[in-house]
Amino acid sequence: MSTSFLDKLPVPAFLKSAAEIKCYGVVGDFESPDDLLRAIRTLRTAGFTKLEAYSPFPIHGIGEALGEPRSPLGRIVIVAALLGLASALALQWWTGAVDYKLVIAGKPLFALEPSVPIMFELTILFGAFGAVLGMFHLNRLPTYYHPFFNYSQSEGATNDRFLLAVEAADPKFRGEEVRTLLDSLGSRHTELVEA
Amino acid sequence: MKPLVEINPTRLTGKQYWRSLDQAAATPEFQEWVTSEFPEGYATVDGTNRRTLLKLMGASFGLAGLTACRRPVEKILPFSRASEGYIHGQPLHYASVATFNGTAAGVIVTTIEGRPIKIEGNPKHPYSLGATNAHLQASLLSLYDPDRAKEVQHKGARSSWDEFAAWAKAEFDVTKQGDGSGLRIVSERNASPTLASVRTDLSKRFPKALWVEYESVNLDAARAGAALATGQSVEPHFVFDKADVVFSLDCDFLGLDSASILPVKQFSKRRRVEQPGDKMNRLYVAEANYSLTGAMADHRLRVKVGDAGALALELAKELNVSGKELKVLGNAADKTGKFVTELAKDLAEHKGKSIVVAGPRQPAAVHALVFAINATLGNIGQTVAFTKPPSELTNSLEQVKQLVADLDAGKVKTLVLLGGNPVYTMPTDLNFGAAVKKAAASVALTEEENETWLASEWRLPMAHALECWGDARALDGTASIQQPMIEPLYGGRSVLEVAALVAGREPATGYGLVNAFWTAQWPAAEREKRWKASLFDGIVAEAKAAAVSVPVDAKKALAAAAGRIEPARAGLEAAFYPSHSAYDGRFANNAWMQEAPDPMTKVVWDNVALISKTTAGKLGLRDGDLVSLSKGQQKIDVPVMVQPGHADDSISLFLGYGRAACGRVGQGVGHRVEGLRTTDHFFLVSQVDLKKTGETYQIVTTQEHHRMEGRPIVREASSEEYQKEPAAIKEMAESPKGLTLFPFHDYSKGYQWGMSIDLSACIGCNACLVACQSENNIAVVGKDQVRRGREMHWIRLDRYYTGSDEEAQVVTQPMACQQCENAPCESVCPVAATSHSPEGLNDMAYNRCVGTRYCLNNCPYKVRRFNFLAWNKDVPEVRKLVFNPDVTVRMRGVMEKCTYCVQRIERGKIAANADGRRLLREGEVVSACQQVCPADAIVFGNINDPQSRVSKLKKQARDYELLGELNIRPRTTYLARLRNPNPALEPAAEKENP
Amino acid sequence: MADLAIDHDFELSPPLVQGGMTYADVSEKVSAITENKPPKQWYYAIAVTSLMTLMLFGCLTYLVTTGIGVWGNNNPVGWGWDITNFVWWIGIGHAGTLISAILFLFRQKWRTSINRAAEAMTLFAVASAGIYPLFHTGRPWRAIYWLFPLPNSYLHLWQNFRSPLMWDVFAVSTYATVSALFWFTGLIPDLATLRDRATNRIRKLVFGLLSLGWRGSASQWRHYELAYLILAGLSTPLVLSVHSIVSFDFATAVLPGWHTTIFPPYFVAGAIFSGFAMVVTLMTVARWVYNLENLITIKHLENMCKVILATGSIVGFAYATEFFIAWYSGNPYERFAFMNRAFGPYCWAYWTMITCNVVVPQLFWFSKFRTTPALMFILAIFINIGMWFERFVIIASSLHRDFLPASWGYFTPTWVDICTFAGTIGMFLTLFLLFLRFLPAIAMSEIKGVLYQQNQQQKGAHE
């Protein structure tokens, strides 16, 4: 019975059965951020957990809608910044007062006052690197392949489309049902995307 | 050949004695090498030749130490067999003597690896007393001048000394010259006893031969005046340290109008004040141009050169010289009159303790009158002394007139020009250049390929004073022997040697002649000892020529003079002065002197016509306007410049510029004012015509602003004011002592170097500036770069005018790195290239400097110097020999500045340790500027030692920190300038109160 | 959490994006610039500017091989046009960071259509500025590594971290690095857009690599927004610190006219002032050439003019304060320095500065000047000139006459000074033209956000 059901699916002919398809999930295309948000909320209430939204610009509240935790980036940056501060202090103290002592303008070998500017600058520098590299790490950038790109209109995500993917990894994932579900939620073009 | 001197080295201690290498110089290979060394200057020198040169100097040097070898001389001595007493890299010091315009000063020459690298004064010599002056310092550079005469030439073709000797043998033979009536010899003023002996031989041989001593800048008038006053030929001396009151009538006795070193020594002794109570002497000056002496004056009267005589006459009248006894009549009306009266009173009050002295521009009559006044004041024998002249006194001007007449008349067979540059310096109306060619044969011995060299048939390269043997008597008769420090670089020979050739003396080697002359004076047993002692001490121990007491009959002198003194006249006059840089042209190719700013105008690489502001206004002239001055057929073009304090209607012209045939340094620098100089108007051209050419000329100075803007920079006070409230000096600016964010660094241990500069003693001559240049390998940058504000002098002389432009007073302030303890330059250097040494020196690490120039910006004294371009890139090879190996030659892009001569400090410490002593003795380390200073104005030493002279000076009430208010704690401090004005005369100019 | 996302309570009138554009239109409009052949003007422009850039390289070669002497610098004026140009360029950079960071924190949505270009301007200005501290040194071949705390076997010396010049090195290099990071982070989504629009292989490859595989997924946006916010948060104090530290070069010196506590705020205000003037200069031209009137609207320009007016007045006030303090301090050197500034040999420079920086901006009180691109372009040019003269006056007029009158001098530039400066302008413009040609000059993702927000409000208005 399942075989007859599969025949109806608009999947590439060379694929014999849905069971054989290694699949990323089903992706639907919504007209506006509002539709997208609505769809997400519905699916969440329907108990779906592995959802991913794609949009040309960030949409307010979508994170909460998808129930994602707060980004840990802040903590990474603080650590990096403090590291910068410490290294600046160490550098100026060690070079000036330990490694090579020079009397300059009769001033002390090391003092906090003249060390402040460099301490400040290195704090910022390290912090900035923390922020960018941290973000890359969390977003797994660069990643030059992702199954999402197999979606026929994935490029819309960076232009004017608002896409929703229900991933195959979701325990409640059933390709067909999800597809109809998304269509019913107003997806203009739904697709089963292979991995 | 037989050795000329026998010395047993085992008896030698301390300094080693020089032994020359004439033999080496005589060999044909050596000659060949010399002539091929610099065919057209340094450009063609290749490395091997240079090495040969160094080897040879090494050889000559090696032998110098090896004092007792009887072996024939080797050309090369490997340093692997170093000669006795020689430590590689250690300098050796030799006593010698330098003759400058007929006056001798003892010197100590420092040589390293056979290169003379520094000239210092000989403390034992009465006319040096350890000091030197700018020109003596710079004469070292002339030795290494790549443009010197390099080969013997005959009729323009290369010849050799042998050929010349052969020619001379025939030419100066009795059969050829007969009684010598066709033989004329012209030399510079010379004080050499040996040469004198050669001259007597010559006159024995050729009785009718005429020897003319010519100097374009001379003191003949003073001597003639003395003769007029005393009736016999005597050499006048003025003893300035005995005088309480000095009146200089147009005489720059502290500058170029005397044997500069001794008078400055004596005079400054009486300006130094240790306690507020101390008495100073008082100096009155009446002059046209603003001289160094004028700058020291307590009262200065602006008077035309031509009117000085009239002034002297007025003074004589005031002092009742014609009368029975000394009394001041006091019939004075105008300002001048008041000056004269008060001066007369002051002089009269200091009977026997005063000096009246007249300058070389004044005619003999004025000098005679001056001696009359001195006689009336009872100064003769007290402050004014006479001695028998070292050489026969002659009026060279009369003689050269005769000489040229003879030349024109074709009476002269052979003309021998020994040294100097008569073709350039002789009065223009004589047209000597053309006259020389009228002689059947002419011989010129000159140091450079100058106008005289070109005019002559035989052209001989002259040896530099540091290259040849000789001797000289100082004005007081003290004799010194001149030792060579180096082989003649270009195979030159001395005046003495060529003169001997002419006189037919054998052997005609400098050493032979000098040694023979002196040893003949001594008993055979003592000869060797006394010869060595004379070389060692730099002076020949012998009975000094005692002052002859010559009575001066004031009335007779007055009578003799009065008639011949011209009354004051209206109209424009032009007077000739030697230039502080080129002198009379002999330093024209000396880059150090060309770049040394004129002490008063601060002009470099030029000579200008100085006029007063009023005159400029009257004639509608501005600085840099090119004017043409004419008198009769004589006409010159020269740029004018306004000199504050200059006399009206008087133009001061400076000799020695606009050289036609000179080296690459002096060629065409400045304007030739000699073109206006005739036998009748030798020092003064009255009624000169001035026309504007409409052109302007770029004058470059090292100082563009001349007022202190009411800032307490040079702090001044009269001796009374200072006596009343000594604290006032320090209070002129508040320095926030101990006000600090951080604790000050502790400088209480070990040596702490500091300096004290006495502005009352400093006369502002350039001696320290040139000495510093010589000691520290300071680059010369040229006129255009100076215009861009890039001169490199580590010590400069800031000169400020106070009072009105007309009656301006002058103060000078030597300005070098002040070695601030809280140095603003250090804190801003990003790479720590300048930091403080434990001894309180502001050190500069050249090879760390990246050249941000931030330190320069942050230096409140602006004493740091930046190598904007590669100044030392194209230095001629031979010119490099002058470099002091103890001091880095700085490359492009790095900052440099005064180091307190750190290399001397280190040498001193090393020597002290080598002697097993731990501490340096006071005065063991002296900075170059301190050592040269004839006024002893600069004192350097350890301020941690309360007994040191510098710490004592710094304790004086008039000691102050310049810009101390910035809390930078400079190590160099200044002693305020004190003047001693006559209360009866209001100060010449109301001072700008700082 | 402040973020790029829409703020419903934010009122937008007049609309920042005009002409009823859709998201697709935005992508199209902006991307098209990089995809199609540029207009003729672009070729003319870059031809000229690249020649000027070549001249710069020529001058620098001459400088390095011959020495600082080829410039007009001397004693006492150790710094001339070199550091003047350095401070001028750095100042210009500041507007970019200010727009992208500070206005971002203040939720100034109008920044979105200009911040990308402004940031680019910052980078290129800092690059131009960076040339001077290196090449003004006498021995750049040493400076290039001795100015950084790298262990060196040469003298085993370390840097002197008390030197404001050292602080400068750190401040400027940090500023350059952080600005670059900030700029690139902002570019990533737009690079992805270009990637997805790309038709030919090369563009696909290049933008594929540059966009790091950005997908625009909600999870990515989440970290991305926070990163952007943090960068903005870091850049804000940074930009304020940089010009403060530059001003320390002068403020910590002993020189009258330099030794002033007012410098940090005064320099920062001046920097923003000159920076905005430069943004206006560039934007008015760019929007005219690429007819971006709908994206860079008059409202944007007018807001910038207001900022210029404000900062210009602050600068004017600073000038006045300097003089007052100089008089009030009672310090003769200080007093002289300022009298000399206004009436000394450099008075011409001083009054040029006053005219351009204090008088001219006041015209922005009149809305005609704030709303007519041509007029504001002219005024902006004046301000650029005025701000250059401000730095020149501070440096040259303070240096040429300091404590000892004997050491006073004057500074005159040589042709090399002039050509070097012109050269950096050429390099700056060349880089900017290349940026316009090859990278999205306007932040598409941000514009789309703003657009969406507008639509929301219009909808709200209809209902």
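**Exercise 1. Determine how many salt bridges the rule finds across the interface of chain B and chain A, and describe that interface.**

Solution. In this predicted model, a salt bridge requires a side-chain nitrogen of Lys or Arg within 4 Å of a carboxyl oxygen of Asp or Glu, and across the interface of chain B and chain A the rule finds zero of them. Contact, which means heavy atoms within 4.5 Å, involves 13 residues from chain B and 10 residues from chain A. The buried area, that is, the accessible area (1.4 Å probe) that two parts lose on being put together, summed over both, is about 930 Å² for chain B and chain A, with 68% of it on carbon and sulfur atoms. On the chain B side, Phe742(B), His745(B) and Ser827(B) lose the most area to chain A, and together they account for 47% of what that side buries.

Residues are numbered from 1 along each chain as its sequence is written, while chains are lettered from A and ligands numbered from 1 in the order in which they are written. Local features of the predicted model need pLDDT of at least 70 and side-chain atom pairs count only at pLDDT 80 or more, whereas totals for chains, interfaces and linings use all residues, and side-chain values use heavy atoms, with hydrogens and water left out.

**Exercise 2. Describe the interface of chain C and chain B, and state which side chains meet in a salt bridge of 2.9 Å.**

Solution. Here 60 residues of chain C are in contact with 54 residues of chain B, and the two chains bury about 4300 Å² between them, 56% of it on carbon and sulfur atoms. Of the area that chain C buries against chain B, 17% is supplied by Asn75(C), Arg139(C) and Leu404(C), more than by any other three residues. The rule finds two salt bridges across this interface; the side chains of Arg853(B) and Asp82(C) meet in a salt bridge at 2.9 Å, N to O.

**Exercise 3. Explain which parts of chain B are tied together by the pair Asp147(B) and Arg664(B).**

Solution. The closest N and O atoms of the salt bridge between Asp147(B) and Arg664(B) are 2.6 Å apart. Helices (H or I, at least four residues) and strands (E, at least two) are DSSP runs, numbered from the N terminus. Asp147(B) lies in the loop between helix H4 (134-143) and strand E5 (153-154) of chain B, and Arg664(B) in the loop between strand E24 (650-654) and strand E25 (684-685), so the pair ties together parts that are 517 residues apart in sequence.
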